[in-house]
Amino acid sequence: MDRTVGRALDDADWAALQARSAVPGFHAVTTTGIVCRPGCPARTPLRGNVRRVATLAEAVAAGFRPCKRCHPQL
């Protein structure tokens, strides 16, 4: 599994994730192997464990699975 997909979060991305703002793209959590929508109601992961990815397909190809709470594939 390639957990180096995407890029690290900058301050704006981190603020949007904490506020659960609807911004384009997805975030992948390297420790759990899950990819979520930006507004996911799941617990906020540690900033160092989150990677920003542009598309769901990119994250799935790297071995992440879609979140069961926010269903990013729908």
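Predicted model: local features only at pLDDT ≥ 70, side-chain atom pairs only at ≥ 80, totals over all residues.
Residues are numbered from 1 along each chain as its sequence is written, and side-chain values use heavy atoms, with hydrogens and water left out. Local features need pLDDT of at least 70 and side-chain atom pairs count only at pLDDT 80 or more, whereas totals for chains, interfaces and linings use all residues.

Helices (H or I, at least four residues) and strands (E, at least two) are DSSP runs, numbered from the N terminus, and two strands pair if DSSP finds at least two bridges between them. Strand 4 pairs in the antiparallel sense with strand 1 (residues 7–8) over 2 bridges, and Arg 7 has Arg 52 as its bridge partner there. Strand 2 (residues 26–29) also runs antiparallel to strand 4, joined to it by 4 bridges, with Val 29 opposite Val 50.

Asp 13 meets Arg 7 at 2.8 Å, N to O, and Arg 52 at 3.6 Å between the closest N and O atoms. The latter pair links distant parts of the chain, Asp 13 lying in helix 1 and Arg 52 in strand 4, 39 residues apart. Accessibility is classed as buried (under 20% relative accessible area), exposed (over 50%) or partly exposed in between, with a 1.4 Å probe and protein chains only. Asp 13 is buried at 14%, as is Arg 52 at 14%, while Arg 7 is partly exposed at 40%.

Turning to the cysteines, the count of disulfides (pairs of cysteine sulfur atoms within 2.5 Å) is 0. For Cys 36, the nearest cysteine sulfur is that of Cys 67, 3.7 Å away. For Cys 40, it is that of Cys 70, 3.7 Å away. Cys 36 is buried, with a relative accessible area of 6%, and Cys 40 is buried at 6%.

The largest pocket holds about 320 Å³ of space. Its lining has 16 residues, and those closest to the centre are Val 29, Ala 42, Arg 43, Thr 44 and Pro 45. Pockets were found on a 1 Å grid over the protein atoms alone, as open sets of points where a 1.4 Å probe fits, with protein on both sides within 12 Å along at least five of seven lines; lining residues have an atom within 4 Å of a point. Strand 2 and strand 3 (34–36) each supply at least two lining residues.

Note on methods: Points joined across faces, edges and corners; volume = space filled by probe spheres on them. Salt bridge = Lys/Arg side-chain N within 4 Å of Asp/Glu carboxyl O.
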